[in-house]
Amino acid sequence: VQLQAFGGGLVQAGGSLRLSCVASGRTFSTYVMGWFRQAPGKEREIVGAILWTGGTTYYSASVKGRFTISRDNAKNTMYLQMNSLKPEDTAVYYCASSNKWGININDYTYWGQGTQVTVSS
């Protein structure tokens, strides 16, 4: 499975961005896809995840109510709609996929290359 994330950029605090993650290859085994982020000097952390079938979602406490994960199975694409962005949301955002449910980094097998999101104050 190959994943490609894009859509990052520079935005002012309070603004919005939408990230996309396109999956290709042997995607039929995908059970869950997730968004992670890594800020400078910090460990990579989960932002949220979505079941590929059914669409059940999980969000970390820091983004719940502001971010929304969705997917388009026909396009093999997952989205991360980010609203009310804060400077502390600044990070490189990665998408990942797994054939089992999980919210930890080690639960995910395939990773995209990351896209930078910078929120200015």
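The model is predicted, and local features require pLDDT of at least 70, side-chain atom pairs count only at pLDDT 80 or more, and totals for chains, interfaces and linings use all residues. Residues are numbered from 1 along each chain as its sequence is written, and side-chain values use heavy atoms, with hydrogens and water left out. Buried denotes under 20% relative accessible area, exposed over 50%, and partly exposed the range in between (1.4 Å probe, protein chains only). Helices (H or I, at least four residues) and strands (E, at least two) are DSSP runs numbered from the N terminus.

Strand 1 pairs with strand 3 (residues 17-24) in the antiparallel sense, over 5 bridges; pairing requires at least two DSSP bridges between two strands. Within this pairing, Phe-6 stands opposite Ser-20 of strand 3. Ser-20 has 8% relative accessibility and therefore counts as buried. Leaving aside residues up to four places away in sequence, Ser-20 touches Gln-4, Ala-5, Phe-6, Trp-35, Thr-77, Met-78 and Tyr-79, contact being heavy atoms within 4.5 Å.

Strand 3 also holds Cys-21. A search of the whole structure found 1 disulfide (a pair of cysteine sulfur atoms within 2.5 Å). This disulfide is formed by Cys-21 and Cys-95, with the sulfur atoms 2.1 Å apart. The pair links distant parts of the chain, as Cys-95 lies in strand 9 (residues 91-98) and the two cysteines are 74 residues apart. The torsion about the S-S bond of Cys-21 and Cys-95 is about 70 degrees, so the disulfide is right-handed. Both Cys-21 and Cys-95 are buried.
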